Amino acid sequence: VQLPGMDGFELCTKIRDATLNRNTPVVFVTGQSDFDARAKSTLSGGNDLMGKPFLTFEITVKALTLALQGRLQKFLPKHEQSKDKDSSVTFTEVVRSVSSFSIPTRQPLLTGAMEETNNFSDAFLTHALKNLGPLRELCQTILQTSDEEMRQNMLADGFLRINSLIFRNGSEMVHPAYQTCAALEGLFKKLLENAKHSTPSALATVAAAVDLLPELCAPGLRADLAVNPPVHMLVVDDDVVARRVILGVLQTAFARPESAENGEAALALAMEKPFDVIFLDVVMPGMDGFEVCSKIRETISNRATPVIFVTGQNDFETRARMSRTGGNDLMGKPFLTPEITVKALTFALRGRLDKLVAAQIGKNPLAK
């Protein structure tokens, strides 16, 4: 667990993103065995904790048990592997299952068009629609809660509700509602790692994504809405490190974004081609973010494109200027990497849904 730089929990989370070892059992070898350590083990995708000091034969038995369990899982029918995923579960039960063989893996995001069966898609949508009401109410309560301990307990509840919507039978879905749930699961995990991560910006990002889910689960919605065409984004920041961080995060989930190091270059790109979402720094030399946003709103290609300001400023005046210049949201610095993914996906899908509605009204002026 305790490693220089990236600790064991963070490393385990990244291993769960790797194709070759997405389902490989991970055993934490650590002197920590308290509730917090076991909760972090579960949330990061670990399977067990082995305390220090340990017995040499314990290593052999544990390795053999988990290796054989993993190989047996590959031979089980898919319905046997996921037959209990619909049952209700509490946070206490999740923590108690640290030493079990349940492997909470993360689904890959929007890496390309993936085949899905109608039955699988229908099962997910049916299950999701039954559970979204309580989840939305929970998120609204979280936003209004000032008690840190109570908020973290409610976030744990939210994580379990989202986690229950993710199928673990090896199937992958490109449906926008499913991809949003997968992205939200990652953000919930990050918020539970440390109460300090639960910033107003991150909590608002969660609530906005959950509010969008019922519309994404609507019958007849295009299953490829998030990938056809690929989501196209623009990142504008004069700080090369900040720009590369945002680009790197977005690139793991979407098509390669475009970038600009100043307002003039961003405006030139905005006049040339349309984007789904624009991430825009506020403080830049020359033309600042607010001025750039105002000029983007005058272009034909990106008049209605969502613009998210990435800034360390979060006061009333900054938010007022955001609204006046046509911005859609603020993301505070420092930010959580999963927050970028969820926010980008939420605004991209909201924009595409609005275009579908506008097109439908255009075909039928009486439709509202």
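**The aromatic pairs and their setting**

Mentor: A search of the whole structure finds three aromatic pairs, where rings of Phe, Tyr and Trp (its six-membered ring) pair if their centres lie within 6.5 Å, and planes under 30 degrees apart count as stacked, over 60 as edge-to-face and the rest as tilted. One of them is formed by Phe 124 and Tyr 178, an edge-to-face pair with 5.1 Å from centre to centre and 80° between the planes. This pair links distant parts of the chain, since Phe 124 belongs to helix α6 (residues 118-144) and Tyr 178 to helix α8 (residues 176-193), 54 residues apart; helices (H or I, at least four residues) and strands (E, at least two) are DSSP runs, numbered from the N terminus.

This is a predicted model, in which local features need pLDDT of at least 70 and side-chain atom pairs count only at pLDDT 80 or more, whereas totals for chains, interfaces and linings use all residues. Residues are numbered from 1 along each chain as its sequence is written, and side-chain values use heavy atoms, with hydrogens and water left out.

Turning to the cysteines, the count of disulfides (pairs of cysteine sulfur atoms within 2.5 Å) comes to zero. Cys 217 is in no disulfide, and the nearest cysteine sulfur, that of Cys 181, is 6.5 Å away; Cys 217 itself is buried, at 2% relative accessibility.

Helix α9 (residues 200-216) has 17 residues and reaches 24 Å from its first C-alpha to its last, close to the 24 Å expected at 1.5 Å a residue, that expected span being 1.5 Å times one less than the number of residues. Among its buried residues are Leu 203, Val 206, Val 210, Leu 213 and Leu 216.

As for confidence, pLDDT is the predictor's confidence in each residue, from 0 to 100, and the protein has a mean of 82, with 83% of its residues reaching 70 or more. Confidence is lowest in helix α5 (residues 91-96), at a mean of 41, and highest in strand β3 (residues 233-236), at 96. Over residues 78-117 the pLDDT is below 50, although this stretch has 95 contacts in the model beyond near neighbours in sequence, a contact being heavy atoms within 4.5 Å.

Notes:
Buried < 20%, exposed > 50% of the residue type's maximum accessible area, 1.4 Å probe, protein only.
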